[in-house]
Amino acid sequence: MVTVDSKRVFAIAIGMGLALATSTSAAAQDEPIPAGDRVIPTTQVVLSGYGTVGYGITTQGANENAFNAAINPIFLFQFQDRILFEAEFEFELEGGVTETGLEYAQLDVMVLDNLTLVGGKFLLPFGVFGERLHPTWINKFPTAPPMYGHHVAAFGAEPLLPILSDLGFMARAMLRPGPVHLTLNGYVTQGAAPEDPAAGVAELVFPGSSGDNNTDKLLGGRLDLAVPPHFEVNFSYMNSDYDVDNVLDLTGWNVAAEFRAANFEVRGEYLQTRQEIEVPSGFPTLRRHGFYAQAAYRFGAWESVFRWTQVFDSELDGVTQNRGAWQAGFGLDYWFSPSIAFMGGYEVNNELGPELDNDRFIFHIAYGF
């Protein structure tokens, strides 16, 4: 379990990074703004978002097949050039049922040119896929990597984490010393909770509700190092207690990287979680980890995609609890425009435990507007 002192050290480190960022713009902020140059208060409203229609069919077992459709409207309300409120809603029809959700609703305040404060429900900057790539017209494969529990098919291993969004506060500081761009993201949120508190090994969710199941908060951060336009690497960390008694500890860390050159790009992420479990003999640690790697090549309006995802065996203090699985995904996209694409893919799923016969084709049209 992480002690209070170690969390305080982590928070101080984030604060020092933000202080360094704010010092680069302090002189400019001290200069008075002439009365004639002040911006007249105004509010601008923009409707954006994306929609998807798709079809999937398994090639084994019961040969299940289904159509699906979803729309994710995004509302942007900007006051002058320093305050922005943004919200995304999700409406998805699948299996004859319409599911709704609030992906995020956040207030962004641009305090300085290189410092932004965020409050509300937001996508956590943990890893890269959830915060930047999961919208269907940005993700170049028709499904998410199965290590993330969001729009994935039945798979032989439980997702390591969902697409993370939570309620809290975040600060984002950006520095550009020469060709290298540095961004420090630090946040404090409600944190995870057991999906079923009565379960022995609890599956965790990030409910993103106004309530919290304990007094502890999740502390996390991500450091981004980029050399535009070719290379970026990201280091993420988070920690909190997740039970009602503030005893059981959850820790996660992630390393992500991407490289782009001309029409070719390759990216990947490695994710590991450590979750304490309560048993009569003590508090053993459940270790789960996995990765995905994806390569894409663009030729004209077409783009080929290959993605490999591996979820390894989960271990409780070195003893295997659940077997892992891997997935190979082969995709081909056709881009009608930079934000409209037809995407087709085939997933080969191989479970190291019981085989599920769940290989499948997936097709969808994604439209970003």
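Cavities and core of a predicted model

User: Which residues line the second largest cavity in this predicted model?
Analyst: The second largest cavity holds about 50 Å³ of space. E12 and strand E13 (264-276) are the elements that give two or more residues to its lining. The lining residues are Val128, Leu133, Asn234, Ala256, Ala257, Glu258, Arg267, Gly268, Glu269 and Tyr292.

User: How many charged residues are in the lining of the second largest cavity?
Analyst: By class, five residues of this lining are nonpolar and two are polar. The charged residues in the lining of the second largest cavity number three.

User: What is the volume of the largest cavity?
Analyst: The whole structure has three cavities of 30 Å³ or more. Leu124, Phe126 and Tyr148 are among the residues lining the largest cavity, and the lining divides into seven nonpolar, one polar and one charged. The volume of the largest cavity is about 60 Å³.

User: Which element supplies the largest share of the largest nonpolar core?
Analyst: This core has 37 residues, of which Tyr187, Phe206 and Met238 touch the most other members. Strand E5 (115-123), helix H3 (129-133), strand E12 (249-261) and strand E14 (285-299) each supply at least two of its residues. The largest share, three residues, comes from E5.

User: Is Asn239 buried or exposed?
Analyst: Asn239 sits in strand E11 (residues 231-241), and its side chain reaches the backbone oxygen of Leu250 at 3.2 Å. Buried means under 20% relative accessible area. Asn239 has 3% relative accessibility, so Asn239 counts as buried.

Note on methods
Residues are numbered from 1 along each chain as its sequence is written. This is a predicted model: local features need pLDDT of at least 70, side-chain atom pairs count only at pLDDT 80 or more; totals for chains, interfaces and linings use all residues. Side-chain values use heavy atoms; hydrogens and water are left out. A nonpolar core is a set of buried Ala, Val, Leu, Ile, Met, Phe, Trp, Tyr and Cys residues joined through side-chain atoms within 4.5 Å. Buried means under 20% relative accessible area, exposed over 50%, partly exposed in between (1.4 Å probe, protein chains only). Helices (H or I, at least four residues) and strands (E, at least two) are DSSP runs, numbered from the N terminus. A polar contact is a pair of N or O atoms within 3.5 Å; within protein, one must be able to donate a hydrogen and the other to accept it, and residues adjacent in sequence count only if both atoms are side-chain atoms. On a 1 Å grid over the protein atoms alone, a cavity is a set of points where a 1.4 Å probe fits but cannot get out, and a pocket is an open set with protein on both sides within 12 Å along at least five of seven lines; lining residues have an atom within 4 Å of a point. Grid points are joined across faces, edges and corners, and a volume is the space filled by probe spheres set on the points. Ala, Val, Leu, Ile, Met, Phe, Trp, Tyr, Cys and Pro count as nonpolar, Asp, Glu, Lys and Arg as charged, and the others, Gly among them, as polar.
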